[in-house]
Amino acid sequence: MIRYALHCKACDEDFEAWFASSSAYETLKEKRQVRCSACNSSRVEKQIMAPAVKSPKKKDAAADPEKMFAAFAEKARQHVAENFDYVGGDFAEEARSMFYGEQEERPIWGETTEEEREALKEEGVPAAPLPEPFTPPVPKPKGQLN
Ligand SMILES: [Zn+2]
């Protein structure tokens with residue numbers, strides 16, 4: 001047995017009917033014995049059936065942890081680049097002098113050596129390494145004198 005979804009072109013009725021086989025349907029159709037269940041018209045045709053395939057869910061970019069992290073890192077990088085002063089190799093010196101109140105505190109970023117990092121830690125100077133994806137590109141030195 002085979003079930004077909006049928007459509008009546010006379011009255012627009014959609015209905016289903018069972019046939020012994022697809023060839024049985026064809027035979028009955030030729031003999032105009034496939035009739036509409038509503039108006040008994042023989043102007044009946046098989047409905048074009050869309051295959052019942054579940055459409056794969058679109059991958060949500062926001063739900064992708066890797067992309068989320070990349071977007072977050074990009075924001076952090078921008079924030080540092082826009083709001084922090086790049087002090088390069090003077091970081092330890094600058095951080096220390098701010099910590100001891102020798103100059104006004106401001107957000108800075110730069111490089112330290114392993115030794116400097118340890119020294120800052122021992123002195124209790126707040127400094128945290130920027131994970132690489134958060135590190136903005138080093139600004140080009142402005143108007144070098146020599
Ligand atoms: Zn009909």
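What share of the 146 residues of the protein count as buried? The answer is 6%, where buried means that 20 or more other C-beta atoms lie within 10 Å of a residue's own, exposed means 12 or fewer, and partly exposed lies in between, with C-beta atoms placed from the backbone. The model is predicted: local features need pLDDT of at least 70, side-chain atom pairs count only at pLDDT 80 or more, and totals for chains, interfaces and linings use all residues. Residues are numbered from 1 along each chain as its sequence is written.

**Overall make-up**

- The protein has four helices and five strands; these are DSSP runs numbered from the N terminus, helices being H or I of at least four residues and strands E of at least two.
- Read from the N terminus, the order of elements is β-β-α-β-α-β-α-β-α.
- Of the contacts between residues at least 6 apart in sequence, 50% join residues at least 24 apart; a contact requires C-beta atoms, placed from the backbone, within 7 Å.

**Sheet**

- An open sheet is formed by three strands in the order E2-E1-E3, with antiparallel pairing; strands pair if DSSP finds at least two bridges between them.
- Strand E2 (14-19) and strand E3 (44-46) are at the edges with a single partner strand each, so one side of each has no neighbour in the sheet.
- On average, neighbouring strands of this sheet are turned by 40° against each other, direction ignored.
- Six antiparallel bridges link strand E1 (residues 2-8) to E2.
- Tyr 4 is opposite Ala 17 in E2.

**Helices H3 and H4**

- Helix H3 (residues 91-99) and helix H4 (residues 114-123) have axes that come within 10 Å and cross at roughly 10°; axes are lines fitted to C-alpha atoms, for helices over the stretch in contact, and angles run from 0 to 180 degrees between N-to-C directions.
- H3 and H4 are therefore roughly parallel, a term for angles under 35 degrees.
- Ala 92, Ala 95 and Arg 96 of H3 meet Glu 116, Ala 119, Leu 120 and Glu 123 of H4 in this contact.

**Helix H2**

- The 19 residues of helix H2 (residues 65-83) should span 27 Å at 1.5 Å a residue, and the end C-alpha atoms are 26 Å apart, which agrees; the expected span is 1.5 Å times one less than the number of residues.
- The number of buried residues in H2 is zero, so H2 lies largely in the open.
- Ala 76, in helix H2, is partly exposed, with 16 other C-beta atoms within 10 Å.
- Ala 76 and Phe 134 are 58 residues apart in sequence, with 5.6 Å between their C-alpha atoms.

Methods: Parallel < 35°, antiparallel > 145°, perpendicular 65-115°, else oblique. Contact = placed C-beta atoms within 7 Å.
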